[in-house]
Amino acid sequence: MGMKIYNSLNRRLEDFEPLNPEQVTIYSCGPTVYDYIHMGNARTALVTDIIRRYLLYKGYNVKLVQNLTDIDDKIIRRAAELGISVKQLAHQNGEAYFEDSQRLGIQPADVHPKATEHIREMIDLIQILIDKGAAYVVDGSVYYRVDQFAEYGKLSNRKPEDLLAGARVEINEEKEDPRDFDMWKAAKPGEPSWDSPWGKGRPGWHIECSAMAMKHLGETIDIHAGGEDLLFPHHENEIAQSELATGVTFARYWMHVAFLKIDGKRMGKSEKNFILLRDALDHYPTEVIRHFLISAHYRHPLDYNQESLTKSEGALRRLNNCLDTLKQYDGEVGLNEKTDVPLQHAVQEMKARFTQAMDTDFNTAQALGAIFSLVSEVNKAFNTLDEMAAPVLAEAYQALAETCQVLGIYNNVETQEETGDNVEQRDELVKLLLEIRQEARNRKDWETSDKIRDRLKELNIQIQDTHHSTTWKFTTK
Ligand code: AMP
Ligand code: ZN
């Protein structure tokens with residue numbers, strides 16, 4: 001089976017066929033760098049990272065472009081508040097964005113274009129639209145004439161009358177039609193500005209993405225991604241500008257990531273209910289945060305709460321324990337047709353389920369389900385396996401390591417130095433205490449055994465005795 005992607009443009013699941021089988025092109029709307037990124041921004045950035053990793057795993061070449069919006073009202077306002085230049089603020093936050101993304105195991109895009117470095121391209125694109133009669137100049141500002149693009153509204157599925165009603169709210173005397181939007185803003189005193197054929201000014205937000213996507217990826221790109229808030233008007237306007245200028249399809253598959261929520265509301269800067277990614281990374285290892293952020297399919301909303309992160313922490317512990325045990329069999333060979341261990345079927349099934357899930361619109365929730373079913377199978381099978389089983393365990397290790405690496409939840413080398421060591425050390429210490437407790441239990445020294453259990457409980461570590469072993473987990477802090 002080939003891959004399928006839910007295309008927001010046609011509101012259905014479609015077969016994925018890149019325009020050029022040699023290289024998939026992706027453009028993802030990146031951050032506006034007026035502040036550090038929050039967990040909601042991280043969800044969208046991580047989904048793009050997973051899309052790229054999975055396409056690479058499937059054998060495609062991928063070119064990913066993700067922009068940095070380094071000039072807009074919010075940046076200008078914040079820089080003024082802080083008493084630093086717009087350039088300095090954008091630079092600092094751009095660097096912080098790369099640092100945070102790297103800590104989350106997000107591989108850098110192939111190109112991270114900045115708006116202020118593409119003014120020329122934006123001016124050229126605006127000029128084409130003016131020449132075609134699709135844009136007009138009023139007092140040094142340039143507006144897009146929405147009624148010139150017959151397909152306006154096709155992405156957000158809005159009719160002209162709905163659009164009119166929506167646009168009337170914001171009154172701007174300069175516009176011929178309330179739906180029109182600005183591509184070039186005439187300079188205001190004290191704000192950064194650039195020379196243009198229409199006088200000094202700065203670009204609008206939508207023109208930025210049209211110009212940079214086409215410059216780095218060509219007139220038609222395969223996948224355009226962003227958070228669901230960008231679908232209208234940002235992406236609708238990107239389509240209008242690009243397609244009217246070139247006459248060809250701008251993006252073939254539109255993907256929109258649903259919101260990360262907190263207490264039922266969208267996590268956002270303006271809502272002031274955000275958790276910064278860097279703060280979360282100070283408390284949890286990379287893999288735990290990645291696991292949490294991909295625990296729901298990207299088109300479903302996901303709720304940020306302590307309980308879910310604690311669950312991800314427990315899941316990662318189970319996964320790592322399993323991988324640590326399996327690792328010792330890595331390299332064992334000798335599987336032959338006589339080997340008949342049920343676990344072998346479980347490994348094959350996991351691989352098939354993983355691929356099926358990821359092939360179907362990158363369903364990471366189901367992919368994780370497949371991985372964790374195999375972890376349970378391995379744990380169950382462990383006590384009953386004979387030496388014939390060693391190559392099967394090696395196979396299980398390979399399959400788990402490979403799929404977890406696609407999702408970036410195993411062996412995240414870059415971040416291991418920062419947080420992984422401490423976590424590993426902590427886990428080893430808990431393991432040691434549980435061993436001492438087991439020895440106490442063996443000699444019926446209940447006093448010591450209970451003391452260890454109670455003291456761990458005070459540290460929010462709850463232990464549970466089963467037939468064969470003792471497991472542990474963090475309780476809510
Ligand atoms: P911004 O810096 O606000 O332009 O956002 C950068 C990216 O994060 C965009 O693709 C947004 O759509 C996305 N984004 C913002 N808030 C959320 C959220 N709560 N959940 C998911 N994605 C978000
Ligand atoms: Zn954009």
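User: Is Lys185 buried, partly exposed or exposed?

Analyst: The classes rest on relative accessible area, with buried meaning under 20%, exposed over 50% and partly exposed in between (1.4 Å probe, protein chains only). This is a predicted model, in which local features need pLDDT of at least 70, side-chain atom pairs count only at pLDDT 80 or more, and totals for chains, interfaces and linings use all residues. Residues are numbered from 1 along each chain as its sequence is written, chains are lettered from A and ligands numbered from 1 in the order in which they are written, and side-chain values use heavy atoms, with hydrogens and water left out. Because its relative accessibility is 23%, Lys185 counts as partly exposed.

User: How many residues apart are Asp35 and Arg78?

Analyst: The side chains of Asp35 and Arg78 meet in a salt bridge at 3.2 Å, N to O. Asp35 lies in the loop between strand 3 (24-28) and helix 1, whereas Arg78 belongs to helix 2 (residues 73-82), where helices (H or I, at least four residues) and strands (E, at least two) are DSSP runs numbered from the N terminus. The pair thus links distant parts of the chain, and the separation is 43 residues.

User: Which residue has a polar side-chain atom 2.7 Å from a nitrogen atom of ligand 1?

Analyst: Polar contacts are pairs of N or O atoms within 3.5 Å; within protein, one must be able to donate a hydrogen and the other to accept it, and residues adjacent in sequence count only if both atoms are side-chain atoms. A backbone N or O atom of Leu260 lies 2.9 Å from a nitrogen atom of ligand 1, and a polar backbone atom of Gly40 is 3.1 Å from a nitrogen atom of the ligand. The contact at 2.7 Å, made by a polar side-chain atom, belongs to Thr44.

Technical notes: A salt bridge is a side-chain nitrogen of Lys or Arg within 4 Å of a carboxyl oxygen of Asp or Glu.
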